[in-house]
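Good morning, and thank you for coming. Please look at the sequence and the model as I speak.

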Amino acid sequence: MVRVLCWLMVFGLFMPVLAATVAPDPHSFANFQQVRTRHLVLDLAVDFTRQQLTGYAEHQLERLDPTINRLVLDSRNLKITTVTFTNDGVHWQKAAYLLGIEDALKGQPLTIQLQVLTKAVRVYYQTTPQANGLQWLTAAQSSEKKQPFLFSQSQPIHARSWIPLQDTPANRITYQAHIKTPPELLAVMSADNSANTRRNGDYQFDMPQPVPSYLIALAVGDLHFKAMSADTGVYAEKLWLDRATAEFSDTQKMMDAANQLFGKYPWKRYDLLVLPSSFPFGGMENPRLSFVTPTIITGDKSLISLVAHELAHSWSGNLVTNASWNDVWLNEGFTNYVENRIMQQVYGQPRADMELLLNVRALRNLLTHQAPADSRLQADYSGRDPEEAFQQIPYVKGQLLLLTLAQHFGQAKFDQFLREYFAHFAFQSIHTESFIQYFQQQLNSKQSFSEQALQRWLNAPGLPDELALPASDAFARVSAAQQQWLAGKAGLRLLPTAEWSVHEWLHFIDLLPRELTEQQLNELDLVFSLSQSSNAEVFTAWAQLVIPLNYQPIIQPLRQFLLSVGRQKFIIPLYSELKANPQWRSWARQVYREARPGYHPLAQQQLDKLAL
């Protein structure tokens, strides 16, 4: 420690390092309000044998405070080999730097000495096996079992585990990249992929529009491309390619609807990348190239709203971004709302209403055990893992606030307001206060929506009493049919299920009594084959119902599901139900030991906390 302190004092870094730890973003060390990266250049080699990225990240700088002589970057579990700087953009020399004390949540600050004229710095580094923003899959773990696969997941603060950078949504950067891979594999990024039409192991990327760090994304695998329209297409392993393009064929319709509602699509192309089933999320809205789970490929487009959600992020989140993860509702609540408007336009009001009502039911279930402070839209996650913010509160409660505003001001007027909002804040990162100010000036100038009502939505726990939700005739018919069966007045084979959508099936399963008899469970499974459902949403809902009831026929299909699917939305509640059942806890522990190596590091982290 003494040697470190002396080194810092020699280079004049000691006091600035202390000051830099008081960052305006509670989840970042970066001093981006003093010196910011405006353009990032990556030059990385992908080594599947060592499961390692090696190369450099060049930061081209903007000096906001000319008196500051240091650049502070975020890093986590990176091996820094050297740092250089340039004052003229041509000649590079070694820079003094310090990799600071590790914080369990934020990682380590990387502090680099700057000169008065320093224009850019390069950080040479290697990733390590502890990089939780990367998943390295062996060939056996990929979908086709032929070639290895790599993909990143940078949101919310995992970019720092594979790139040393200012890892905060408050700072937006343009970037370009040179990625070297084995020649038989293709690399893609959240950027312009058009330069990489030949598979040769040497790929160039350019993202000319400024994005926050969490939207920098990379994937490498035996990928192939198939167009769906002039502006949309799919990257995937061959196993998924034809099925995915058929499933996602309405993407252009969604884009057309969103363009009409919210302004011209701002990112040139919109492609989708189908990842292996270990991907821990439904989708990730990386600009120009959304990453999606194969669990939404059902053959009937029943789960296509996830594509609408990721597309909606092109406006809400990617174009206008929350400046802090404490304001995540500005990303996710707006996106849920925009998604639902797209679904209305493309698939009709009844389907959009059913999807909304299922979301609200999930939110109400969460609120029964959520800490009141965390049920506020403006919850405070300072000092906590921002992963905790990604639950139904910002998504659905935020959506319901915007729905309430649309009901209050009228749909057409509110749509126009959102178009102007996205245009006004385009390519900016904002806090909730900026939204409130703009809303009050542009839409609520006559104060017809009271300040008290707005503050209840933003800062009070739970849901406001004035919430108005649509009714669903389809759900009402499903409920009535279910009651007929439960009352013994109709057999299951007589229920009108042939035309039920996945939303009606989920409504049916969710409303089933939690104390069904073994005979009733067997009848449901015999008639509807719920334990064999290929729809992950339906299977998970059914399994959550029957695990507490010790329904034995679910065991083998559940084991296969947990071994083959890594999406947290499904596996975390399933393992939670198994843990809560003393008779199945030991079995669940054995399955998890076998399945864990195939799960993403983020899923492993969440499941390890369950302590099965």
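I begin with D374, which forms a salt bridge with R384, the closest N and O atoms lying 2.9 Å apart. This pair links distant parts of the chain: both D374 and R384 sit in the loop between α7 (349–367) and α8 (392–409), 10 residues apart. By salt bridge I mean a side-chain nitrogen of Lys or Arg within 4 Å of a carboxyl oxygen of Asp or Glu. Helices here are DSSP runs of H or I with at least four residues, strands are runs of E with at least two, and they are numbered from the N terminus.

A word on the model itself: it is predicted, so local features need pLDDT of at least 70 and side-chain atom pairs count only at pLDDT 80 or more, while totals for chains, interfaces and linings use all residues. Residues are numbered from 1 along each chain as its sequence is written, and side-chain values use heavy atoms, with hydrogens and water left out.

Is D374 buried or partly exposed? D374 counts as buried, at 14% relative accessibility, whereas R384 is partly exposed, at 25%. The cut-offs are under 20% relative accessible area for buried, over 50% for exposed, and partly exposed in between, with a 1.4 Å probe and protein chains only.

How many salt bridges does the structure hold? There are 20. One of them joins the side chains of D271 and R269, at 2.7 Å from N to O. D271 is buried, with a relative accessible area of 4%, and R269 is partly exposed at 26%.

Another salt bridge brings together R559 and E594, at 2.8 Å from N to O. Here, too, distant parts of the chain are linked: R559 belongs to helix α16 (residues 555–564) and E594 to helix α18 (residues 585–595), 35 residues apart. R559 is partly exposed at 26%, and E594 is partly exposed at 47%.

Seven strands form an open sheet in the order β5-β4-β8-β2-β1-β11-β13, with mixed pairing. At its edges are β5 (93–94) and β13 (202–212), each pairing on one side only. Two strands pair if DSSP finds at least two bridges between them. Strands β4 (residues 79–86) and β8 (residues 120–126) run antiparallel and are joined by 7 bridges. Within β8, Y124 is the bridge partner of T82.
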